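The following exercises are to be worked through with the sequence and the model at hand. Each task is followed by a solution in steps.

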Amino acid sequence: MPSPFQRFGNDLFTGKRSIEFVGRRKLWLGISAVLMIVCILIPVVRGFNWGIDFRGGSQFQVAHTSTTDQTIATDAVREVKSDAVVQVSVVNGDGIRLTTDQLTTGQTKQVTNKLAAGYGVSADDITSSYIGPAWGQDVSRKALQGLGVFLALAFIGMALYFRTWKMSLAAIITLFHDLIFTAGVYALTGFEITPATVIGFLTILGYSLYDTVVVFDKVRENTTEDKDKLTRTFGESVNLAVNQTLVRSINTAVIAALPVAGILFIGAFVLGAATLEDISLSLFVGILIGTYSTVFVAAPLYSWLRQGEPAISKHERRVLAARAKAPLVDVENATATR
Amino acid sequence: MAKTSPVRHASRSLIWLGVLVVALAAALTSGIIWGGATVAPKLGLDLQGGTEVILTPALEHGKQVTSDELDQAVSIIRQRVDASGVSEATVSTQGNSNIVVDVPGRLDDATKQRIEASSKMELRPVLLAQSPATTSFTGSDGKSTPYPTPAPTLANTPTAKPTDASDLSWVTPYLQAKYEAFDCSSLKNATTNVAPAHEPLVTCDDAGQTKYLLGPVEVEGSDITNATAGMITSSQGVNTGQWGVNLTFNAHGAKAFDKVSQRLNGYYAAAQSAGTNDPRSQFAFVLDGRVLEAPQMQGVITGNTSQITGNFTQESAQTLANQLKFGALPVSFKVQSSNTISATLGSTQLLSGMIAGAIGLLLVFIYTLFQYRTLGFVTIFSLVIAAALSYLTIALLSWQIGYRLSLAGVAGLIVAIGFTADSFIVYFERIRDELREGRGLESAVEAGWRRARRTIYAAKTTNLLAAVVLYIFAVGDVQGFAFTLGLTTVLDVIIVVLFTHPIMQLFARTEFFASGHKLSGLDPSALGAVYRGAGRFRPAPTVGAAKLASSSREAARRQTIAERKAAELAAAGDRRNGKDD
C-alpha cells in the first residue's frame, strides 16, 4: 500500500489531485506582493542591525595577562553595556583582544578599568581603538559587482536554454523576491548583518535560481509536449509541471534545510557558534522561501507573462473549444484551472 | 549470457569512479609521505588562527591621513599581499588611520617584509653629499673629534628665501651642523629621518655609505605610475648590455620631473665643463627617508618616461623597480603590531559547527530512508562518496595551491549537501514518474535518466556560473565560499554520472528492485503505476506518443512486449483519456 505522502505524489503526477498554483495566480502573486511591500517597509521603519564589520565598533587589547580567561572580558563589557555583542580572542599567547559595539568615551573608560581590574594589569597596558566600517565598503561593493554580472549572465544563459527570455525574467524576479524576503526577516528579527550573513545571502541567490531552473525544466518539457495537443491549456501544462515536481521540491527543501537547521538550532542553543549561526539563519530562511517562491511565484508569474502571446491564446481557445465539444469533460479540473 | 549494454556501461562508469578515487587518494597519500601534504586540509584565519599585522602611518606631528590616501595605501598593500600568493588575506582599514592585514596561517618572512616595507617614496634633489659618511673631523690638534650635536640656538631659517629646491641657501647653520653630526647607524630609528615635504632632509643611503642633505620634495612617489627593470638601449637602439630601471610618471609627475631635470642637468653640464663633480646634479629617490639611489641627471628629460642607469645587476634593477612601483604609497606606514590570532572560532566554533553539521546529516539520512526506503541508501552512499571526493580534492588543493578552508567554505560544503542530494531526488522522482507511466524498471531508469540528466546539467550550470562569477569578482571570505560551491557542483555531477546512475542501472536488474519490492522505494503499485506485472495493465492516461518518442531509444529497445502493448494502447486511448488528467 502506498503511504499517504506517496499517494499524494501519485495523485499530483496524474493530475487527479492538483493544486492551483497557476489558476489562482492572482491570489499567490497578491500574497507575495503584499509580503514584498511589508519586507521593504520593515527595514525602512526599523533599519538593519549592521554588524561591527559594517558600522565599526570598539576594540580593546590587553597585553601580558596572567590569565586568558575570556569570560572576564565578556563580563566587563556586559556590565557596562548589557546588550553588547562581544568577540574575544587570545593574541600572542598572553594577550586578550575583544571587539564589541561602538562605545562612548565614558563607556570605553569604564570597560578599560574593568578589564584592568579583571586581568590584574595596569590600565596603561590596555589599548582601545575603534574599527572603521571597512568590510562593508570594500568587500560588499565587489560582491555587488559580481552579483550584477551573475544576474546578467544567468538571464542570457536561461533565455538560451529555455528558448524564452520570459522564463529568465520570472526566475530573476523570483530571486529578488527571495532576497527581499530574507532581508525583511533580518530587519524584523533584528539579527545582526555580518560578512557571514552576506555570504548566506549570496547562497540564497544561487539556491533560488537553482530551484527555479529545476522546476522550469519540467515546465519546458510539459509545455513543449502539450503544445500540439488539445489536452491542456498552456497554464494547465505549467500547473501540472509544478504539481509533478512538488514532491521533489518538498524533499529537496527538507534535505537542504536539515543540516542548516542542525547548525542553526544546535549551534544557537547548545554550543553557541556565532558566525555559523549568521550564515545558517540566512540559509534556512532562504531555502524555505526559495522553494516556496519557485512554486508560488515563479511558475504563476511565467504563465502570466506568456498569457498574452497570440500563439498561446490561440492554443488555449482551441483546447477549450475541443473540451466544450467532448462529452466527458473533467468539470472539477477545468473550472479550477480555467 | 553476454553482458548487456547498460551493465557494460554501468561497470565502466563505476570503474572510472574507482580509478578517480584511487588516483586522488594515492596522490594525497604520496603527498603526505613525501611532499609535505597534511591529512587535514589547511584552515583559514577564522578557523585556525593566523597573523594580523596592523600598520599605522608615520606622520609628522599633528598631521592626519586623508581617507583618499588611506584607500590608495590599502589597495597598494593588497596588491603586494596578493602578489605573494597568500589566499584569503584581507586588507582593511581600522579607524581613520590604521591598515590591518590579516593573513591566514603562518606569515612567511618574505611576505611579511613585503607588507612591512610599506613606504613613502619621495624624489628630492641633493644639496650636499658625503661618501664615505663620517661623523667626525680631524681637528687642529690632529685628533679625530666627533661633530657636536647641533646647538638648538643655531639659526634654522634660511637667510635668503631659496629660489628653488636646489638652492644652497636651504642649508642653514643648524642643518649644516646636523648634517655633519648625522650618524648613518641611527637610520633605523623611524623618527630620525622624517621631514615635512617642503623642508630639507638629512639622511643616508640604505647601506649607510653616503650621507645626504636633500632639498624639499619635488616629485611624490605616487606620481610614479610604473617602474620596470630592463636592458638599456643606446640612442642608436643598440642594446648596451647594462641593466637599468624605466620609470613612467603621470602627467603631474612628468611636468615636475621635467623642470627638475632641466635644472639639475644644468649643474651637471657646468660641473662637467669645470671638470668637477657637483652633488647638486644628483636627485635622490627617498624611500621611507632612506636614499635608495641618487643618480646624476645626465640629460634633460621630457615626456613621461625616464631611465635610471648605474651599476645595476638584473636583480638590483628589479628590486629598485619593485620598490619604486610598490613603494609608491602616498603615506609611509610603520608596523604597529603583528599578532598571531587564535580565533574564538578556531577553538570552539569549528567543533560546534561540525557536531551540528553531523547531526543535520544524520537527519538527512533518516529522511531519505523514510522517503525512498532502500533507494535512500543510494543517496547516502552517493553523499558519502561526495564527502570523500570533496575531502580528497580539498586536501590536495590545500597542499598544491595552498587553498585554505574558511568558515565560509564550510558553509558552502554544508549547503552542498542539499544541492548534491537534489540531483538524486530529481533523478529518483523522474524514475518514479516513468514507473507511474507504466514502464518496467529497467526502461524507467534509462528514460528517467535521459530526462533527469538534462535538468541536472541545466541546474548545475547555473550553480557553477554563480560560483565562477563570485570567485572572479569577490574577495576574501566570499571567494572561499564560491570556491567550495563550484568544487562541490563539479563533484556532484561526476558522482551522479559515474555512481548514482550506474548503480541504478545495476539495481534495476536485481530481483529486489525489478519486482518492485515494497521496501525498494520503487514499488510500482505504491506509485499507482499503470503496469502491474505480467499481462495486467490498464491504459495509461498520460503516456502520449510524443512523450514516448522523445524518450531514449535505449529505453524503447528495452521495453517488454507487455509494456509496448500498454504504450500502444495508451497512445490509442490518449485522446479519450487525455480529458481527465
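Strands are DSSP runs of E with at least two residues, numbered from the N terminus. The model is a predicted one.

**Exercise 1.** Determine in which strand B:T305 lies, and whether B:T305 is buried or exposed, or in between.

Solution.
Step 1. B:T305 belongs to strand β14 of chain B, which covers residues 305-312.
Step 2. A residue is buried with 20 or more other C-beta atoms within 10 Å of its own, and exposed with 12 or fewer.
Step 3. B:T305 has 14 C-beta neighbours inside 10 Å and therefore counts as partly exposed.
Step 4. Leaving aside residues up to four places away in sequence, B:T305 touches B:N246, B:L247 and B:T248.
Step 5. Between B:T305 and B:F257 the C-alpha to C-alpha distance is 9.7 Å, although 48 residues separate them in sequence.

**Exercise 2.** Describe how helices α2 and α7 of chain A are placed relative to each other, and which residues form their contact.

Solution.
Step 1. Helix α2(A) spans residues 25-46 and helix α7(A) spans residues 165-189; their axes come within 8 Å and cross at roughly 45°.
Step 2. Angles under 35 degrees count as roughly parallel, and those from 65 to 115 as roughly perpendicular. The two helices α2(A) and α7(A) are therefore oblique to each other.
Step 3. The crossing of α2(A) and α7(A) is left-handed.
Step 4. From α2(A), the contact includes A:L35, A:M36, A:C39 and A:R46; from α7(A), it includes A:H177, A:F181, A:G184 and A:L188.
Step 5. By class, the residues of this contact are 12 nonpolar, three polar and one charged.

**Exercise 3.** Carry out the corresponding analysis for helices α10 and α11 of chain B.

Solution.
Step 1. Helix α10(B), residues 407-436, packs against helix α11(B), residues 441-473, at an angle of about 145°, and the axes are 8 Å apart.
Step 2. The crossing of α10(B) and α11(B) is right-handed.
Step 3. Among the residues of α10(B) in the contact are B:F419, B:Y427 and B:R430; those of α11(B) include B:W449, B:R451 and B:I456.
Step 4. The residues of the contact between α10(B) and α11(B) fall into 12 nonpolar, four polar and four charged.

**Exercise 4.** Summarise chain A as a whole: how many helices and strands does chain A have, and what percentage of its residues is buried?

Solution.
Step 1. Chain A contains 13 helices and six strands.
Step 2. Of the 338 residues in chain A, 50% are buried.
Step 3. Among contacts in chain A between residues at least 6 apart in sequence, 77% link residues at least 24 apart.

Note on methods: Residues are numbered from 1 along each chain as its sequence is written. Chains are lettered from A and ligands numbered from 1 in the order in which they are written. This is a predicted model: local features need pLDDT of at least 70, side-chain atom pairs count only at pLDDT 80 or more; totals for chains, interfaces and linings use all residues. Axes are lines fitted to C-alpha atoms, for helices over the stretch in contact, and angles run from 0 to 180 degrees between N-to-C directions. Helices (H or I, at least four residues) and strands (E, at least two) are DSSP runs, numbered from the N terminus. A crossing is left-handed if the near helix is turned anticlockwise from the far one by less than a right angle, and right-handed if clockwise. Two residues are in contact if their C-beta atoms, placed from the backbone, lie within 7 Å. Ala, Val, Leu, Ile, Met, Phe, Trp, Tyr, Cys and Pro count as nonpolar, Asp, Glu, Lys and Arg as charged, and the others, Gly among them, as polar. Angles under 35 degrees count as roughly parallel, over 145 as roughly antiparallel, 65 to 115 as roughly perpendicular and the rest as oblique.
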